[in-house]
Amino acid sequence: MLNQQYELLDFGHNEKLECIGGVVVRRETPSAPGGKANGVDWERPQLRGRVVGEKYTWDGISPSDWCFDAGEFELQLKATPSGQVGVFPEQSVNWQWIKDCPADLEGLKAINLFGYTGATTLSLAKRGVQVVHVDAAKSAVSWARANAQSSGLADSPIRWMVEDALTFVRRELKRGNKYDIIVADPPSFGRGPKGERWKLQRDLCHLIESLSELSRGRCKMLLLSCHTPGIDHRQLRTEVENQFQFQSGSGASFALELRTKANKSLPSGNCFRWVAGKS
Ligand SMILES: C[S@@+](CC[C@H](N)C(=O)[O-])C[C@H]1O[C@@H](n2cnc3c(N)ncnc32)[C@H](O)[C@@H]1O
């Protein structure tokens, strides 16, 4: 299903050319190195995003019914001033992992930090997990709620929180709340709703430490990813394993990527995931 919904057509010179939910999108992104492939038509995108002065601007209008069908759930898409459109397709390996997880996840309690438009929240909800979805942007949380609605998951036990991730986790610790499943996909830099600054290089170790306390003695699943240059997946794994006292289970760390049909690989972040029992 995903392959029909997403194709990386080409990338290079800090631009990506993609077909997302049937719409050809050409967009500037700082993380598309190297040169463009010969023979790819870059000149007829339906949407084109680029930085003009200090602003990210789009030529073309997002179709009103533009959406990404992930099979288990759907995400409504639109071109936004951040250069994003509402989906990070490189995360699809993790939605599939949640879908295929042989453990019974029904009724477990998850926290999804930096949850954006809700893809991982909806993957978990589909497995019967109770999810606390946290994002600093009210617009992202409203968008995620709308995605839950259009995915037939409006009545799932999801709490939607517009909060600073680290502040929320610390407050949950004070309240004595605990979680079985930990998910976080922090950006390199961000801001909480009250202007709280998130800086991954500075704050990630504090977040991991607090999350290990939040799930002490009951962690069943963990999924941590980031797209920050200079942090690789082995380092993520080491930082997590130093804090979490994982008992029996299986963990894997790997680089996230997107590939063109011609097998050009676009590095798209790093990930560590772990599940209790046999995966
Ligand atoms: C990389 S996106 C997450 C992508 C998401 N996991 C997915 O796969 O769709 C980063 C998100 O972090 C949020 N964010 C940034 N700073 C934050 C903060 N201090 N606390 C909570 N969320 C924050 C942004 O609003 C944005 O939605």
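## A tour of the sheet and its helices

Select Met-221: it stands opposite Val-275 in β16. This is a predicted model. Now widen the selection to strand β14, residues 221-226, and strand β16, residues 265-276. The pair runs antiparallel and is joined by 6 bridges.

Next, show the whole sheet. It is open, with 7 strands and mixed pairing. Trace the order: β10-β9-β8-β11-β14-β16-β15. Which strands stand at the edges? Pick β10 (158-162) and β15 (249-259). Each has a single partner strand, so one side of each is left without a neighbour in the sheet. From one strand to the next, the twist averages 15°.

Select α5, residues 165-175. α5 packs on the sheet and touches β8 (109-113), β9 (130-135) and β10. The direction of α5 makes about 155° with that of β8. Then select helix α7, residues 233-243. α7 also packs on the sheet, touching β14, β15 and β16. Its direction makes about 25° with that of β16.

How do their axes cross? The crossing is left-handed.

Finally, show side chains at this contact. From α5, select Leu-166, Val-169, Arg-170, Glu-172 and Leu-173. They meet Asp-203, His-206, Leu-207, Ser-210, Leu-211, Glu-213 and Leu-214 in α6. Colour the contact residues by type: 6 are nonpolar, 2 polar and 4 charged.

How values were computed:
Residues numbered from 1 in each chain as written. Predicted model: local features only at pLDDT ≥ 70, side-chain atom pairs only at ≥ 80, totals over all residues. Heavy atoms only, no water. Axes fitted to C-alpha atoms, helices over the stretch in contact; angles between N-to-C directions. Helix = DSSP H or I, 4+ residues; strand = E, 2+ residues; numbered from the N terminus. Left-handed = near helix turned anticlockwise from the far one by under 90°. Contact = heavy atoms within 4.5 Å. Nonpolar A, V, L, I, M, F, W, Y, C, P; charged D, E, K, R; others polar. Pairing = 2+ DSSP bridges.
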